[in-house]
Every structure is written in structure tokens, then in C-alpha cells.
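Visitor: I am new to this structure and would like a short tour of it. Could you take me through a few places, one at a time?

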Amino acid sequence: MAKVGPSRLRPLTLRFLTAPTHAHTLTRSPAQKPACKDLSRNGQGRAITPEAAYTPVSNRADSRSHIREGFNMPAPIVANLLLLASEWQAGQSQADLVSELVNLGFSTIEVRREYFRDIAQELPQVAELAKDHSLTLFYSVPDEIFVAEGQVNPKLQGYLDEAKAMGVTKIKWNIGAFAEFSGDLASALLPLTQQGIEINIENDQTTTSGRLQPVLTFLQAVTAANIPIGYVYDLGNWPFVGEDPLKAATALGQYTRYIHVKDDLTSGEKPVTVPLDQGDLPWRDILAILPDTVPIALEYPTAHHGVILAGKKLLQDEQVRGSRT
């Protein structure tokens, strides 16, 4: 079994470390495609007792549990591997991409299940990198909790086993055919939540799992049943289903445990996902509504490392600005 160690890490060049703050205005590579999650690519905390009730997090205005001695500790900025989509498409493995992001200064990284070409070989490599560099790993799995006729997806336990093997702390799914589910929700889902990994659902780019009302209905149901499943607010997916991101943030902020941030160009026939400040979404206003204590991930394709660092700097500046309000 191949091992990936620190020797794979490539030194960061000075031009990335000194990238100007206006680097986010750089244009996309002509070959770069819009960021649209491929939901057809399936295949993939801390333990919570049955008695533990899930209490939604408070909204941003009241969420100040991270203040210590008068200072706000900023929430982690996460790198989703979609940032390096072009390099993955060129043949690099997820372990290679994780190494690049470590060199760029990220210590929390979100691995994508659909990026594994040979999961049996690559998963241990990612796990070893995480151990060697004390990384926090999240796991994005583009599959649904409920499949046809409202049945619980039989693949979910396998995804959790993969997450455990990598030392993942958060896993993300979509809701799927929850409207067709007719069983006991606690019996169906509680066993999945008691394995030491935080489970969340995300709004995707489908009408089934990406519109506000189905997402809100599911989160209200699991909260009422004391099932500790939370929510990943994906800022850029709402325009793809014709929903208002600001309205969604107001409705779903109390359930949000994690945020995917990106920008969209919405003036064309279809939305196109772009780096921060290259689109027309009011992403700063949206973040002001959401909890400021939860991790926030950059999740969009980029042309080069300078765009990644520029996005990270924009989020850091926004965190500083928010801490002063």
C-alpha cells in the first residue's frame, strides 16, 4: 500500500505568499468549467447518545460562545478540494491535492468522495497525511439519505466507515426522497449519528434536495425527533434552483453547522459559479446572517493558487470586520 508522507509537499513559492489582495479579480482559465456538483458520482464529533437532544445553533447576532477574554476566535477557514478541480482533472490524486493545500496554509480540508479514483489505495494515503500534519478532515459525499420510495440509503454506513478510516470529523449528504419516508425517523437515523462523526445535510442543485422548503422540513423533523443531524449552508447553490440565498440564510441559520462559500454570476441563462467577488451574490450580507462560530469553506474551482489565497484573505478580512461589529 502506497504511503504519502511529508516529502510529497511542495514548497510554496513567494508569489503565492505575497499575492496582492486584489488577486480575486483574475479571470478564470478558459478551460475551467463552472462548479456544478456531479450528483451522479456515487459509490463512496463526538459520539452522541440517544438521550442527547439536538439544539440548533443560535444565529450570528447572538452566537458569541467563542469569545475569550474579550477577543473573538475566528472560525476555521476550510479548503474544499473543488478549489483544485483542474489539477484533479489533470490526473492528480486527492492525496496530491491535500498536500498542496497544506502548503498553502490550510489545516482543515474537505475531501470529496467523487474525487477518489481508487479509494482502496487513496484513502489510506489521505489518512496518513492527515495524521502527519494534524489535519482536520471533513468528507463531502454527493449521495442521498433517502432513496427511492423513501428508503434509507444502504450505502450510508459504508460512507461512515470510510470517514472513520480517514479520521473525518464531519460528513455531508443530501436529503433525497425524504417526502416519501413513512417510518420512524429516530429508529432509522439515530444509529448513524452515534458513531463519533457529525452528520449534516446540504442544499444541492436539485429541486428534491436543494430547495428551501424540503431542506427546512427535514431539519425541523430531525430536530423534533432529537436526532443530531445539522446543516451545511451552500451559498452558491440557491440560484441554481431559483431560491433567494438571503431568505434561505434567515430560515436556516439556526440549523447551520458549516458553510460553503462561493460567488455566482446570475445574469446569464444559467448561474455560473466563480471565486469570491467575481460574481453578483451578496455573500458578505449572507454571512452576516449565519452563525460566525462555524467552519466556513472556500468551494469553487480556481485557475491558480493565487486565487485560493485571495479568497482566504477575503474571508479573514470579513472575520476581522465581523469581530468589530
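**A guided conversation**

Guide: Pro271 lies in the loop that runs between strand E10 (263-265) and E11. Helices (H or I, at least four residues) and strands (E, at least two) are DSSP runs, numbered from the N terminus. This is a predicted model, in which local features need pLDDT of at least 70, side-chain atom pairs count only at pLDDT 80 or more, and totals for chains, interfaces and linings use all residues. Residues are numbered from 1 along each chain as its sequence is written, and side-chain values use heavy atoms, with hydrogens and water left out.

Visitor: Is Pro271 buried or exposed?

Guide: Pro271 is buried, with a relative accessible area of 18%. Buried means under 20% relative accessible area, exposed over 50%, and partly exposed in between (1.4 Å probe, protein chains only).

Visitor: And what does Pro271 touch?

Guide: Leaving aside residues up to four places away in sequence, Pro271 touches Pro239, Phe240 and Leu265; contact means heavy atoms within 4.5 Å. Pro271 and Phe240 are 31 residues apart in sequence, and their C-alpha atoms are 6.2 Å apart in space.

Visitor: Let us turn to Pro301. Where is Pro301?

Guide: Pro301 sits in the loop between strand E12 (296-298) and helix H10 (305-323). Pro301 counts as buried, at 5% relative accessibility. From C-alpha to C-alpha, Pro301 and Thr273 are 8.2 Å apart, although 28 residues apart in sequence.

Visitor: What about Pro214: where is its place?

Guide: Pro214 has its place in helix H7 (residues 212-224). Pro214 is partly exposed, with a relative accessible area of 27%. Not counting residues up to four places away in sequence, Pro214 touches Ile175, Thr207 and Thr208.

Visitor: At what angle do H7 and helix H8 pack?

Guide: H7 and helix H8 (residues 245-252) pack at an angle of about 10°, with their axes 11 Å apart. That makes H7 roughly parallel to H8. Axes are lines fitted to C-alpha atoms, for helices over the stretch in contact, and angles run from 0 to 180 degrees between N-to-C directions. Angles under 35 degrees count as roughly parallel, over 145 as roughly antiparallel, 65 to 115 as roughly perpendicular and the rest as oblique.

Visitor: Which residues make the contact of H7 and H8?

Guide: H7 contributes Leu212, Val215, Leu216 and Leu219, and H8 contributes Lys247, Ala248, Ala251 and Leu252. By class, the contact of H7 with H8 has seven nonpolar, no polar and one charged residues. Here Ala, Val, Leu, Ile, Met, Phe, Trp, Tyr, Cys and Pro count as nonpolar, Asp, Glu, Lys and Arg as charged, and the others, Gly among them, as polar.

Visitor: Now to helix H5. Which residues of H5 are buried?

Guide: In helix H5 (residues 156-166), the buried residues are Leu156, Tyr159, Leu160, Glu162, Ala163 and Met166. Seen down the axis of H5, these buried residues fall within an arc of 155°, so they line one face of the helix. The arc is that of the directions from the helix axis to the C-beta atoms.

Visitor: Why would residues three or four places apart point the same way?

Guide: An α-helix has 3.6 residues a turn, so residues three or four places apart point the same way.

Visitor: What do the buried residues of H5 pack against?

Guide: They pack against several elements, including strand E4 (108-112), helix H4 (119-132) and strand E5 (136-146). The axes of H4 and H5 are 8 Å apart, at an angle of about 40°. H4 and H5 are therefore oblique to each other. Ile119, Leu123, Val126, Ala127 and Ala130 in H4 meet Glu162, Ala165 and Met166 in H5. The residues of this contact of H4 with H5 divide into seven nonpolar, no polar and one charged.

Visitor: One last topic, the backbone. Where is Ser134, and what is its phi?

Guide: Ser134 is in the loop between H4 and E5, and its phi is near 50°, a positive value in a residue other than glycine. Most residues other than glycine have a negative phi. At 62% relative accessibility, Ser134 counts as exposed.
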